Amino acid sequence: MEIKELIGSLGDRIGIQLALDADGACSFEADGLVVTLNHFPEIDSLALTGDVGEPPPEKLESLYKAMLEANCAFAGTAGATLSLDSASGRFSLCRALPLATLGADSLYAAVEGFVNTLDAWHKIVANYRAPAEGEPTGGEPEPLSSGHGFMQVQLRV
């Protein structure tokens with residue numbers, strides 16, 4: 001399936017019109033979070049990206065540790081990676097999908113899983129509380145489950 005058809009079928013499935021712009025990107029809002037699709041023809045892949053949030057000003061060691069552990073073998077990211085965008089100073093989540101492996105159903109499933117993971121990490125970052133001086137670090141973010149949920153999508157204006 002060609003990239004234009006894939007993006008169009010995803011849009012049909014979520015009830016909005018989607019098409020890549022001249023730079024090979026498009027965005028939509030799902031569950032209150034913006035998801036951007038970027039086509040990278042040089043590696044024949046589609047990347048899903050989303051903003052996870054701004055790092056809190058408190059001590060970040062336990063949050064960084066949890067994010068690195070989640071990235072290890074994708075243990076808590078469902079195939080995506082967490083990173084810090086130096087340009088914006090915000091955390092992001094990204095997942096690359098080889099186009100050769102995608103069909104309409106598998107792209108929808110990948111986007112749905114990505115939105116669930118993005119939502120979970122957005123909540124972890126938003127609700128993060130650094131441990132107080134001398135407090136045990138037992139309150140670290142919980143690992144993500146691999147459950148599947150319903151994705152609600154709204155067009156980003």
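Buried means under 20% relative accessible area, exposed means over 50%, and partly exposed lies in between. The model shown in these views is predicted.

**View 1. A salt bridge between D119 and K123 in helix α3.** The closest N and O atoms of D119 and K123 are 3.1 Å apart. The two residues are four apart in the helix, a separation of about one helical turn. An α-helix has 3.6 residues a turn, so residues three or four places apart point the same way. D119, at 21% relative accessibility, counts as partly exposed, and K123 does too, at 47%.

**View 2. A salt bridge between K65 and E69 in helix α2.** Here the closest N and O atoms are 3.0 Å apart. About one helical turn separates K65 from E69. K65 is partly exposed at 43% relative accessibility, and E69 is partly exposed at 42%.

**View 3. Helix α1 and its link to helix α3.** Helix α1 covers residues 3-14 and reaches 17 Å from its first C-alpha to its last, close to the expected 16 Å. Its buried residues include L6, L10 and I14. R13 and D105 meet in a salt bridge of 3.0 Å, N to O. R13 lies in α1 and D105 in α3, so the pair ties together parts that are 92 residues apart in sequence. R13 is partly exposed at 46%, whereas D105 is exposed at 57%.

**View 4. Strand β3 between its pairing partners β2 and β5.** Six bridges join β2 to β3 in the antiparallel sense, with N38 paired to A47. Four residues lie between these strands in a hairpin, and D44 in the turn has a positive phi of about 50°. β3 also pairs antiparallel with β5 over eight bridges; L48 has R95 as its bridge partner. Seven of the nine residues in β3 are buried.

Notes. Residues numbered from 1 in each chain as written. Predicted model: local features only at pLDDT ≥ 70, side-chain atom pairs only at ≥ 80, totals over all residues. Heavy atoms only, no water. Buried < 20%, exposed > 50% of the residue type's maximum accessible area, 1.4 Å probe, protein only. Pairing = 2+ DSSP bridges. Expected span 1.5 Å × (residues − 1). Salt bridge = Lys/Arg side-chain N within 4 Å of Asp/Glu carboxyl O.
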